[in-house]
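Subject: Structure and salt bridge notes

Hello,

Here is the structure for your files.

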Amino acid sequence: MSTAPDQRQHIFAQEIRLSSQSASTSKLKWVAGAYGFTQNLHMITPTFYGPDYVQFDPASGAPFTTIGNSHGNNKGYAFFGQATYSLTNQLDFTAGIRYDHENRGLSQYTDYQKDPAPATLLNPNADYRASFNAVTPKFVLSYKIQDNMLLYGSYARGFRAGGLNTNATDPAQVPYQPEHSDNYEIGWKNTFLDNKLKFNLTAFYLEQHNQQISTAMDGINALILNVGEMHNKGLELEVTALPVKGLQIDWNASYSYARYTSLLLYSADAKAVVNYKGDQPINTPPVSSMLAAQYTYDFVGSKQKLAAFVRGEYRYLDKYYFDFVNGLSQPAYSLFNAKAGISSKNFELNFWARNITDKKYVAYGSFGTFLLGSPKTYGTTLIAKF
């Protein structure tokens, strides 16, 4: 079996915002707005069943081709607002709310072709319609312990609209439902030594409900289905230091413990749907970190504000998986990058190198297709400013 889909889409989106004056000394600061979009989608999906397909289905009459034709019309709008009020000189309270509404429409039919005969109608045209809406709030309480130290806690509700599968063979599997998340976060932000040292620490916990996952309930036809419930908790650290004039050192690191509490997927071994509870999400390394150091030398007295700089980066990514059954993975790896150049008010010229050690790793993988990460790469960039 093979396929060569042709998908074309046109999207128009617009957002309008109004806000209070940023320089205002009022205890109340606010922002409000509206968003809207339209999307037109046309997709032709031929699926070629070669001669060997008869080994899978002797009665199929392969070789032959099925051609799926689908046309989608989607539109939606949202209204949102958020306000922050200073309860005291040290305590701020933020509340926000958003309303989303989306309409999705899909018309599709399927042709059958057995060469050299012309294509004939296999499945007549079917129309599908679905509407989704949600109200998502956000709350933040922040307390300034002193001028250089802040504590905060927040809660936000997330929403991802449902949709219509363009390649479903079962009408019941054409629509899929919205995905929701509950996001909790507490943080501690600090600056020390006359702003020469910044230290931020954040703890988070989120729950994803009815997660939309591209999977196949029969092992063949991949669809977007609501089959996942996931919990994720972790820590994020951010440190910035200015030890001497011109030198800046940045370090950030994150740790997350993400596991599915329910994950219903088709198992080729069991030839049935199995709950892969306890598996890790794809493309999510439990530990990641970046350490960067940059030294900038300013030419004092230069009318063009001429400066020279050199920068080095070290990035670390822990082991991550490419499939939801956690069978295919990329082991942990490290990357080294560097950049040096000169800059002024009107231009910047830099020379850079990425993946200096030529580390070989898989950056992305899905349904048996894998993409290697970029090899050792050198280049130069010229930036002009007007």
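Below are the conventions, then the salt bridges.

This is a predicted model, in which local features need pLDDT of at least 70 and side-chain atom pairs count only at pLDDT 80 or more, while totals for chains, interfaces and linings use all residues. Residues are numbered from 1 along each chain as its sequence is written, and side-chain values use heavy atoms, with hydrogens and water left out.

Searching the whole structure gives 9 salt bridges (a side-chain nitrogen of Lys or Arg within 4 Å of a carboxyl oxygen of Asp or Glu). Three of them are described here.

Glu-238 and Lys-198 form one of these, with 3.6 Å between the closest N and O atoms. Because Glu-238 belongs to strand S12 (residues 223–241) and Lys-198 to strand S11 (residues 197–215), the pair ties together parts 40 residues apart in sequence. Strands here are DSSP runs (E, at least two residues), numbered from the N terminus. Glu-238 is partly exposed at 36% relative accessibility, and Lys-198 is also partly exposed, at 30%. For these classes, buried means under 20% relative accessible area, exposed over 50%, and partly exposed in between (1.4 Å probe, protein chains only).

Another salt bridge joins the side chains of Arg-311 and Glu-313, at 2.9 Å from N to O. Arg-311 counts as buried, with 18% relative accessibility.

The side chains of Asp-358 and Lys-360 also meet in a salt bridge, with an N to O distance of 3.8 Å. Here Lys-360 is exposed, at 67% relative accessible area, whereas Asp-358 is partly exposed, at 29%.

Regards

Key:
Helices (H or I, at least four residues) and strands (E, at least two) are DSSP runs, numbered from the N terminus.
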